[in-house]
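Student: I would like to learn how to read contacts between aromatic rings in a model. Could you take me through them step by step?

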Amino acid sequence: MKKIIFAVICLALSSCATPYQPKDGFGHGYSDIQLGTDTFRVEFKGNSDTDSTDVSLYLLYRCAELTIEKGFDYFVFITQDAGSNTGTGVMLGTSIFLASSPGASALIKAYKGNKPNESPSAFDAKELLLYLDAEFAKIKSEREKRMREMDREMERMDRGYSRN
């Protein structure tokens, strides 16, 4: 019985957070819309397993990626909301379980040319993508490490359970 309970806990803890991806059928991932020749609305919504810091990084990444895709070099935030949460309720029997999903959105204006040095709120899109690629590699490595630790713990419990 202990083994089953631990397996359920591990499964819950190892649930997949929303990766960097276009919005899927559940509404998780990024989306964007062009509002003018150089103005865009960008959103990223995670699931309940997605860390809010990751959501903010994914939003920033998409802003930089979109800037380059549209032929621009740098962007500035016109507005930014990095704290939107949506709630989801699931009813099992007589219990309701609520899950909060982090989200972030931004309105950006993109520009061509060199980023002005005197503008600390301007982001060089190519430079930002290089930096964030390294950050994403760290995040992935940390998740893989946690998964290996849980696998080892399951094996240890399995060995202990089979002895009893």
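Predicted model: local features only at pLDDT ≥ 70, side-chain atom pairs only at ≥ 80, totals over all residues.

Student: How many aromatic pairs does the structure hold?

Tutor: The structure holds 12 aromatic pairs. To read the geometry of one, look at the distance between ring centres and the angle between planes, where over 60 degrees counts as edge-to-face. The centres of Phe-40 and Phe-72 lie 6.4 Å apart with the planes at 75°, so this pair is edge-to-face.

Student: Which parts of the chain does that pair link?

Tutor: The pair links distant parts of the chain, 32 residues apart, with Phe-40 in strand 2 and Phe-72 in the loop between helix 2 and strand 3. Phe-40 counts as buried at 1% relative accessibility, and Phe-72 counts as buried at 13%.

Student: Why is the pair of Tyr-74 and Tyr-111 classed as it is?

Tutor: Planes under 30 degrees apart count as stacked; the planes of Tyr-74 and Tyr-111 are at 15°, with ring centres 5.1 Å apart, so the pair is stacked. Tyr-74 belongs to strand 3 and Tyr-111 to strand 4, 37 residues apart. Tyr-74 is buried, with a relative accessible area of 10%, whereas Tyr-111, at 28%, counts as partly exposed.

Student: Which residues do ring pairs link into a cluster?

Tutor: The cluster consists of Tyr-20, Tyr-30, Phe-44, Tyr-58, Tyr-61 and Phe-136.

Student: And where does the charged end of Lys-112 sit?

Tutor: The charged end of Lys-112 sits over the ring of Phe-72, 5.7 Å from the ring's centre.

Conventions: Residues numbered from 1 in each chain as written. Heavy atoms only, no water. Phe/Tyr/Trp six-rings, centres within 6.5 Å; stacked < 30°, edge-to-face > 60°. Helix = DSSP H or I, 4+ residues; strand = E, 2+ residues; numbered from the N terminus. Buried < 20%, exposed > 50% of the residue type's maximum accessible area, 1.4 Å probe, protein only. Lys NZ or Arg CZ within 6 Å of the ring centre and 35° of its normal.
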